[in-house]
Amino acid sequence: MRYIVEARGLVKTYKRKDGTTVHAVRGVDLDIEKGEIFSLLGPNGAGKTTTISMISGLITPTHGDAKIGGYSITKAPIEAKSIIGIVPQEIALYPDLSARQNLEFFGKLYGMSGKALAHRVDEVLEFIDLKERQRDRIDTFSGGMKRRVNIGVGLLHKPQLVYMDEPTVGIDPQSRRRILDTVLRLRDEQRMTVLYTTHLMEEAQELSDRVGIIDHGKIIALGTQGELTQQVGEEDRLIFSIGEHVVSQDILKRLKSEVAGVTDVKYEKVDLIAIEEPKGEGDMVVVDKRGTGTLTAVRSGQTYEGVITVLAKRGRKALPHIINLLDGAGVEIQSVEVREPDLEAVFLKLTGRALRD
Amino acid sequence: MNKLLTIAQNDLRVAFKEKSIWINLVFLPTVLIIIVGLANGAGGSNIPRTTVDVYDHDQSSLSTQLLDSLRELNPNLILCPMDNDPDNRCKLTDKSLDIDTSQKRVEENIISAIIEIPHGFEEMLFRGEPTKLIYRSDEDITQQSVLFQTVQAATSRISGASVAGRVSAYALSQADIPNINTNETLASIFYQTANTLWQNPPARVNYRLAGSIEAGGGVSGFNQSVPGMGSMYVMFTVLAGATALILERKQWTLQRLVMMPIKRWQILGGKLTARFILGMIQYAVAFGVGTVLGVRFWNNIIGILALMIAFSLCMTVLAFLVATVVKTDAQAASITLLLALMIAPLGGAWWPLEIVPDFMKVAAFATPMGWAMHGYNQLMIYGGDLTDIVLPVLVLLVASAVMFGIAVIRFKYE
Ligand SMILES: Nc1ncnc2c1ncn2[C@@H]1O[C@H](COP(=O)(O)OP(=O)(O)OP(=O)(O)O)[C@@H](O)[C@H]1O
Ligand SMILES: [Mg+2]
């Protein structure tokens, strides 16, 4: 058996009180190979959590079924669930209990007891590096520490398969780094299969053997990163940050028509989240671009950053021409970034939107 | 089963991590048991007894029967002069008792009332002719009504029995049985039979009066406040389970349990078991306090346990039902508080149901609290036995089953 997860025709439809229906997931097929890290990449509301909820037996699919290690999640839920370790998107822990008490409780429910349980809890605490704080209540932990305990619970019974639903949401860059390393170690040291969901292209890119891109409840592309980026051809992405400057549609049109190789041009305002207090008016502060973890320095007081994204074949060649054109139009370029074809570009091409929209 | 208990144990552990648990579980109930118990007349060991002058002009077996009924219905009653003792508790003087003296005794508050049984009382009753019992009093309303009710209860027991006797006699005479020829004899035989029947439960319950709460050895206001405040706090403690359940869904621990290899009934069973146990712990605290305060209930422990179990179960299921109706934990908290504050006084947790107006009695039996308190009162105040709580326990269990059925269908794990 090559696949540990085989999902067929998964559909989830919710009925709202006002009579309208929400198509959270509209027909997902998914095969996950043993031992791989598979990422489900998609923007907020794409249907990632709903999909995971169906293949973990939390909610019943409106249509379709999934086999986990050969067991149907709807017909043999107990057997199927025993194979899976779950790391939910929420911190699903008892805040009043200590890290150890949480681990012990869930461990007992996985059928462990006595010395074996104590030993396994020790191992997991070691793995998530929280041995020192094991006796402290969860509600005294930092966001990153809570996330690690949340992961630890999912690993207690040494599952063959781990679902991790956006495990890095809302934490600082160091904690994120740590969690990404943990995911890699699960595959490389423990030979676990990981289904990882994220809305961050960088994470999917770094971790995955294969990626499924999900949008509006459908998987719109699936394959290795190489396979996926091939779909967008060899267009590069040129990203110009221009501060609080607003550019006219006219300039965007001119970029597309006048510069050789340019196939698409987009302008967007990106929210900035300051991660340190500005020292004085006009000083530089470090900001997190929309909570993505991409850090930039900008003048304090600036609330958004104008970004022009240009898709161009042989981008490096087009670059001087674009700069000239923008310069001539009075646009002050603060930074330029040239990106080879990546998953973000794939998403953009398939949906016409950026992942973070 | 094992997993169910693991979940129950964990829920109890989480409940006891709550800082306010000791205040709610022990401190407040204890304080309220004492305050409400005292307000209901605990500690008053020298209860004023009710003295009545009696003129039995009939001196028949039926009039004697009536006086016995009076004594039995209200052990607090002293019938003078027949019940006088060496201490002269009737406060008789050398002068012989007559209506005028008695009248003065009423005015001077030495006695509460005068009861006169007229000549031919028995004969008239057996013949089915209307007869009168004379009752005079100028006591204050509440005292009088308790006494008056006793007299009424005793008379209706007597006349009820005699009516039953007459009806049967009539039926027999129609059947023309030769060797019994007078209706009178027949009526009196049947009277005996009917009266014997009459004295057996369940009819007996109808004649127990609020006035007798303070009668009998060792019965005090704590006999009301221990089960009353105990049950009210069981409501608070157990109904908090609705909030806890919704909170678990909000913090996703419930969903995590569902995604684990555990059957759903084990998860739900564990959560409900934990709440039920908390309810029983709450009762144990209340009755523990009661023991310290001198409330004696061990002779009825089986009946009391049955009521505790039935009521805790009913509240557990109610908490579950509430959790399927409300959306947020804040809503759950306010609705359960409202429910508890409404149902407790209505159901007789604060004062005995016997002293509330009839329409409120009816309302009381629309609440689980009303049935539970009815049961506790039977056992702890009126000297009832297991047969007196069969109905309350059954009602609570049936209500639990119905609510559980609805809740199970409505409940969403995710
Ligand atoms: N219980 C529900 N009732 C109604 N609509 C729902 C329900 N659960 C999810 N949805 C809707 O289904 C869609 C998919 O939601 P889902 O949580 O799966 O997205 P997601 O990809 O996990 O998003 P995020 O990155 O924000 O976690 C959303 O539009 C959401 O509003
Ligand atoms: Mg999600």
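Helix 8 of chain B supplies the largest share of the lining of the largest pocket, 12 residues. The model is predicted: local features need pLDDT of at least 70 and side-chain atom pairs count only at pLDDT 80 or more, whereas totals for chains, interfaces and linings use all residues. Residues are numbered from 1 along each chain as its sequence is written, chains are lettered from A and ligands numbered from 1 in the order in which they are written, and side-chain values use heavy atoms, without hydrogens and water.

**Largest pocket**
- The volume of the largest pocket is about 870 Å³, taken as the space filled by probe spheres set on grid points joined across faces, edges and corners.
- A pocket is an open set of points on a 1 Å grid over the protein atoms alone, where a 1.4 Å probe fits, with protein on both sides within 12 Å along at least five of seven lines; lining residues have an atom within 4 Å of a point.
- Of the 36 lining residues, B:Glu18, B:Ala240, B:Gly241, B:Ala244 and B:Arg275 are the closest to the centre of the pocket.
- Helices (DSSP runs of H or I, at least four residues; strands are E, at least two) are numbered from the N terminus.

**Magnesium site**
- The magnesium ion (ligand 2) has A:Thr49 (OG1) and A:Gln89 (OE1) as protein donors, 1.8 to 2.1 Å from it; donors are N, O and S atoms within 2.8 Å of the metal (3.2 Å for Na, K and Ca).
- A:Thr49 lies in helix 1 (residues 48–55) of chain A and A:Gln89 in the loop between strand 6 (84–87) and helix 3 (99–109) of chain A, so the pair ties together parts 40 residues apart in sequence.
- A:Thr49 is partly exposed at 24% relative accessibility, and A:Gln89 is partly exposed at 25% (buried is under 20%, exposed over 50%, partly exposed in between, with a 1.4 Å probe and protein chains only).
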